Every structure is written in structure tokens, then in C-alpha cells.
Amino acid sequence: MNKLKITDEYAGRRVDRVIKLIFPSISKTLIFKLIRKKKICVNGARTTPNYLLQIEDVLFLPEFEESKEQKKTKSSTFKRNFTIQTLYEDDDLIVIDKESGIAVQPGTGVHTSLVDMLNISYDYKIYPIHRLDRGTSGCIVFAKNYPAARKLSDDLKNKKIQKSYLAGTLGQWQETIKTIDNASEEIKSHELYKYFNDKEATTKLIKFKVFDHSSMVTLMPETGRKHQLRLHLSMLGYPILGDDKYGNFEINKKIKVKRLMLHANYITFNHPKTNELMSIESKSSQTFEQSIKSLDKLL
């Protein structure tokens, strides 16, 4: 049995979530089962999944970490299927230019995730600061230590991190509006509004380019609701090409689009340690625009 003495990095966090951070490939079901059977305990005594760990607590864990050979095999599989394109890196954080098709975090049905790839590459815990859908490409920030993760997460919550996205949409953009807001009657009355669960969501429209049958729109979300950009564009009648949930399924099938045409092209934030303003742009934004133009010819 392994022993982990709790420090500032994990203090104040739930037992089950700390274990999931340390061993992302271990399912929550197994964690709960091991806690019930006292295979996982704190200070030698029975614990509960929601117990908040304290500094100096000792967490007792069974031997379920992957072997070095398993990690090596897993790592080589990742490298065959995906590559990690680094846009910026220092001792506290790393910004990745994510490929479309790879999930950010482990989960049900996810065999390859960026978190797994980075944990294996660095051999220590890497923290994702925000989300991108599996089909979305572009800039995503990870912290290399808990203090940096906490600072960046707080900044995200307080809307101090700005992100802009490029979206390839069906139809020639003709809207004059500058803001899509869930408070508007047009949005509230739409059948897709139910996916927001009555929560506010605001998206700024920055600029757009119009092609023969499609458009490329630059968007800046002011809130971070699940699938917010995909829903807002679909509600306006300009669904994102390749969107298999809110898009035009007939068109997607016709042009055989292979990915969601949504790309995180820019992110701006303050460095968690130096407070320096960081503005980072994806290197694949031009390639993304060319992909939209290629799809436009098939419409």
C-alpha cells in the first residue's frame, strides 16, 4: 500500500477528486468501491469520498498505478495517433495547439486524452485550465503545478481570461448583431434554448468573412456554457459545419466533413506567477480557414 502525505497542493480537496487527479485512468466507480472496502483510507481510518483532506493527513492507496511498461506502450500509441504542438511553455504552464478529434480529459469512451498524454510526457500531474470539445481545435492552457492551476482557474471564473474562436458556418453571414444573448426573445423562444437550462450565455461577434456558400465568423464568448458557440450559431440559422448535434446533418453528410469546424485561435491571460500579459495565437488558424474554403466548394 502506498502512503501520500497531504501538502498544500491537495489540502482542502475531496478524497475522491485527489485520487482522480493522481490516477486519471482509474474510474470513479472503482475509487468509491475501494473506499467502501477500506482499501483507501486516511490516517489509517475509514474515510468517505467527500472528506476534505487536510495538511499532514496521510492518504493510504492500493497498488493500482500503471507499470512503466504500460505507460510506455500507452505513450507510443498516443504518439502514433496524435501530436502535441506546443505554443508556449515555462515552469508553470504550457499552451497547446490542440488537434481536432482528441479529448482534453479522460472519460467514458475516451481512450486517448490530452491530459493522459501530458501526464505521461512529463511524469507528473498536469492541470487543464479550461475545456475544448473533442472536435474543437486550437489554443488550450494547462498548468504544471497546483498554485498556477488555482490562480488561472480563479482568473477564468472571474472572466479575466479572454478567448476567441473561428467558426466555419453554413450560409453567407448577413447578421448585423454584435452580441448573442440568452436574454433576447429570439434566443429564448428557440427550441434549442432548453440546452442552456435557463442559464445566461453571451457571445460577442467580432468579425466575419463570407464565401460562396459559407462564412468564417470570429467569436468571443463572455460566458462558458457547454456548447455555447455551437448552440448560438445554430439558433441564428448558421450552424457550424461538421456539428453532429446542432448542425445541418444532411449538409454534413453531403460534403463528408470530417470534423467540427470550430477553432480556438487566440487566448489572452495574465501569467499566474509574474502577472505578465500573455497573448497567444494558434499556428493552425490559416490552415483552418483554408479548410473552410475547401468545404465551401463542395456545398
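## Salt bridges, burial and a cavity in a predicted model

Reader: Why is the contact between E289 and K293 called a salt bridge?

Author: In this predicted model, the closest N and O atoms of E289 and K293 are 3.7 Å apart. The cut-off for a side-chain nitrogen of Lys or Arg and a carboxyl oxygen of Asp or Glu is 4 Å, and because 3.7 Å lies within it, the pair counts as a salt bridge.

Reader: Where do E289 and K293 lie, and how many residues apart are they?

Author: Both belong to helix α9 (residues 285-296), with a spacing of four residues, which is about one turn of the helix. An α-helix has 3.6 residues a turn, so residues three or four places apart point the same way.

Reader: What makes E289 buried, and what makes K293 partly exposed?

Author: E289 has 13% relative accessibility, and buried means under 20%, so E289 is called buried. K293 stands at 30%; because this value falls between the 20% and 50% limits, K293 is partly exposed.

Reader: How many salt bridges does a search of the whole structure find, and what joins D133 to R230?

Author: The search finds ten salt bridges. D133 and R230 form one, with their closest N and O atoms 2.9 Å apart, and this pair links distant parts of the chain, since D133 is in the loop between β6 and β7 (137-143) while R230 is in helix α7 (residues 228-235), 97 residues apart.

Reader: Which residues of helix α1 are buried, and what covers them?

Author: In α1 (residues 15-22), the buried residues are V15, D16, V18, I19 and L21. Their cover includes α2 (28-36), β2 (41-42), β3 (58-61) and β6 (127-128).

Reader: How many cavities of 30 Å³ or more are found, and what lines the largest cavity?

Author: The search of the whole structure finds one such cavity, and the space in the largest cavity is about 40 Å³. Eleven residues line the largest cavity, with T83, K98, E99, I102 and L114 lying nearest its centre. The lining comprises six nonpolar, two polar and three charged residues, and β5 gives the most to it, with three residues.

Reader: Why is the protein chain called as compact as a globular protein of its length?

Author: The secondary structure of the chain comes to nine helices and 13 strands. The radius of gyration is 21 Å, close to the 19 Å that the globule rule gives for 299 residues, so the chain is as compact as a globular protein of that length. Of its 299 residues, 47% count as buried.

Definitions and conventions. Residues are numbered from 1 along each chain as its sequence is written. This is a predicted model: local features need pLDDT of at least 70, side-chain atom pairs count only at pLDDT 80 or more; totals for chains, interfaces and linings use all residues. Side-chain values use heavy atoms; hydrogens and water are left out. Buried means under 20% relative accessible area, exposed over 50%, partly exposed in between (1.4 Å probe, protein chains only). Helices (H or I, at least four residues) and strands (E, at least two) are DSSP runs, numbered from the N terminus. Contact means heavy atoms within 4.5 Å. On a 1 Å grid over the protein atoms alone, a cavity is a set of points where a 1.4 Å probe fits but cannot get out, and a pocket is an open set with protein on both sides within 12 Å along at least five of seven lines; lining residues have an atom within 4 Å of a point. Grid points are joined across faces, edges and corners, and a volume is the space filled by probe spheres set on the points. Ala, Val, Leu, Ile, Met, Phe, Trp, Tyr, Cys and Pro count as nonpolar, Asp, Glu, Lys and Arg as charged, and the others, Gly among them, as polar. The radius of gyration is taken over C-alpha atoms; the globule rule is 2.2 Å times the number of residues to the power 0.38.
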